[in-house]
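Thank you all for coming; I would like to take a few minutes to walk through one model with you.

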Amino acid sequence: MAFGDDTADIADTDAVHWIASLTKFVTTIAVMQCVEKGQLDLDSDIGKVLPEWQDPQILTGFNEKDEPIFRPATKAITLRQRVTSMKLGEYMKRHIFDVVSANDITFHLDQREDLRARKAKNWQRVGQSLEEEKNPVMPNPVAEGQGGGGLYATVNEMLKIYHGVLTEKLLRPETIKIMFQPQLENNVGLDKPDEYPVFVRNAIWNAVPSDVSVSFGLGGLVNIAAVPERRGVNSLTWSGIPNCYWVSQSVLNEMKVLAHSWVNLVDRY
């Protein structure tokens, strides 16, 4: 991809991108592997594993001074994540990356000179032009892998991981089925997307039409109804700040990935 004569940038599928929140799906794979091994129970009280969550406070809104308003939780917060004895990056390499031969992926770009040489620049919109991002959202280096948004990877390597899920190399079929099912009791808060600012709609719904009912699966947003000629029912999707996103239709054994390097959420379609 190039912007003008002096801003040529790498555009092939071997370019290295900061994939931001696309990292969440890889973290979900790691968590669900632990569930399969009996190390985690998604419906256990999270306070049994994370003591700091024994008495959680729930955000209910903001007062006239824009200060947060909390209330005590009325029921246990169930377990959806846990830190193992291994660092997250080490676990992912051993149990995910190596399994599907994904080598060009890391939390620590400073330790991979080969990947830095292929790193695509991040761009931001300034007026009617694009400029290279001056203050990166993700610091480099980082001390620990950030499971919510810290990975750098190529499109090719991400496709290997998604393919590893759909071909059951990384997870069991019954686990994959659960991931693609709605997990919320209701879709309150997700039923009126047009009430949210554009950047919020782009971040959460991205290409899902506002009249299609959605929920959350495990690892992304799931559309409860089909999107004619575009997505089957219970397709899973998520996105990241640099206008990158993926969508998977487990029924069709299909995965699509799009990676941009624009950090303006309002630019995403």
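Let me begin with a question: which residues does Gln146 touch, not counting residues up to four places away in sequence? Before I answer, please keep in mind that what you are looking at is a predicted model. The residues that Gln146 touches, with those up to four places away in sequence left aside, are Thr23, Leu88, Phe107 and Met138. Gln146 itself sits in the loop between β6 and β7, and its relative accessibility is 37%, so Gln146 counts as partly exposed. The C-alpha atoms of Gln146 and Ala20 are separated by 9.5 Å, although the two residues are 126 residues apart along the chain.

From that loop, let me turn to the strands. An open sheet of three strands runs in the order β1-β7-β4, and its pairing is antiparallel. Because β1, at 17-18, and β4, at 105-106, stand at the edges with a single partner strand each, one side of each is left without a neighbour in the sheet. Looking at one of these pairings, we find that β1 and strand β7, residues 152-153, pair in the antiparallel sense over two bridges, and that Trp18 has Tyr152 in β7 as its bridge partner.

There is also an antiparallel pairing of strand β5, residues 123-126, with strand β6, residues 129-132, and this one extends over four bridges. Here Val126 stands opposite Ser129 in β6. The hairpin of β5 and β6 has two residues between the strands, and in this hairpin Gly127 takes a positive phi near 65°.

Finally, the helices. When two helices pack, one describes them by the angle between their axes and the distance between the axes. For helix α1, residues 23-36, and helix α4, residues 155-166, the angle is about 40° and the axes are 11 Å apart, which means that α1 is oblique to α4. The crossing in which α1 passes α4 is left-handed. On the α1 side the contact is made by Phe25, Val26 and Ile29, and on the α4 side by Met158, Ile161, Tyr162 and Val165.

Note on methods:
Residues are numbered from 1 along each chain as its sequence is written. This is a predicted model: local features need pLDDT of at least 70, side-chain atom pairs count only at pLDDT 80 or more; totals for chains, interfaces and linings use all residues. Side-chain values use heavy atoms; hydrogens and water are left out. Axes are lines fitted to C-alpha atoms, for helices over the stretch in contact, and angles run from 0 to 180 degrees between N-to-C directions. Angles under 35 degrees count as roughly parallel, over 145 as roughly antiparallel, 65 to 115 as roughly perpendicular and the rest as oblique. A crossing is left-handed if the near helix is turned anticlockwise from the far one by less than a right angle, and right-handed if clockwise. Contact means heavy atoms within 4.5 Å. Two strands pair if DSSP finds at least two bridges between them. Buried means under 20% relative accessible area, exposed over 50%, partly exposed in between (1.4 Å probe, protein chains only).
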